[in-house]
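Good morning, and thank you for making the time.

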Amino acid sequence: MNRKKLQKLTDSLTKNCKHLFREFDKDNDGCITVSEWVYGLSVFLRGTLEEKMKYCFDVFDLNGDGFISKEEMFHMLKDSLLKQPSEEDPDEGIKDLVEITLKKMDHDHDGKLSFTDYEQAVREETLLLEAFGPCLPDPKSQKEFEAQVFKDPNEFNEV
């Protein structure tokens, strides 16, 4: 399955398909194998909290270095927040939000989030799972996706 086909199937689930593709394509070969697809969907649609935490953390760790940096937080928050017309510099508000987020989630106070920091914060408050933007489907979108994909296996091959 190539990126275009996956994007068509996942449009109903998320607007962050480029991140979804990166997380499903575990061997980074630009294609998603059947095994990668099945594993990705199992985590994405039916995963445990632990699996979803790992998935979301990996989506948020844009450069794959094992940490969510201030710059990554800023980039994701800037992309996911609505822009309001005001006299203030919108980037300043986002920078403030990054600092507030670090105070809440950065348990070892090193200025970035490790998986351990993220996991501890999410276990304390599950709403923080998608703190930097949506990367999991809402229940309605999930049901619509499942109905579309699993209604007829032969149609799935033609998508």
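Serine 114 lies in strand β2, residues 113-114; helices (H or I, at least four residues) and strands (E, at least two) are DSSP runs, numbered from the N terminus. The model is a predicted one, in which local features need pLDDT of at least 70 and side-chain atom pairs count only at pLDDT 80 or more, while totals for chains, interfaces and linings use all residues. Residues are numbered from 1 along each chain as its sequence is written, and side-chain values use heavy atoms, with hydrogens and water left out.

Is serine 114 buried or exposed? It counts as buried because its relative accessibility is 11%, where buried means under 20% relative accessible area, exposed over 50%, and partly exposed in between (1.4 Å probe, protein chains only). The side chain of serine 114 reaches the backbone nitrogen of aspartate 117 at 3.1 Å. That is a polar contact, namely a pair of N or O atoms within 3.5 Å; within protein, one must be able to donate a hydrogen and the other to accept it, and residues adjacent in sequence count only if both atoms are side-chain atoms. Leaving aside residues up to four places away in sequence, serine 114 touches Phe57, Gly66, Phe67 and Asp108, contact meaning heavy atoms within 4.5 Å.

Threonine 101 is placed in helix α6. With a relative accessibility of 13%, threonine 101 counts as buried. A polar atom of its side chain lies 2.8 Å from the backbone oxygen of leucine 97. Beyond residues up to four places away in sequence, threonine 101 touches Met73, Asp106 and Phe132. Threonine 101 and methionine 73 are 28 residues apart in sequence, and their C-alpha atoms are 8.9 Å apart in space.

I turn now to the interior. In soluble globular proteins, nonpolar side chains tend to be buried together. The largest nonpolar core here has 35 residues, of which Phe24, Tyr55, Cys56, Phe60, Ile68, Tyr118 and Phe132 touch the most other members. Such a core is a set of buried Ala, Val, Leu, Ile, Met, Phe, Trp, Tyr and Cys residues joined through side-chain atoms within 4.5 Å. Among the helices that each supply at least two residues of this core are α3, α6 and α8. Which helix gives the largest share? That is α4, with 6 residues.
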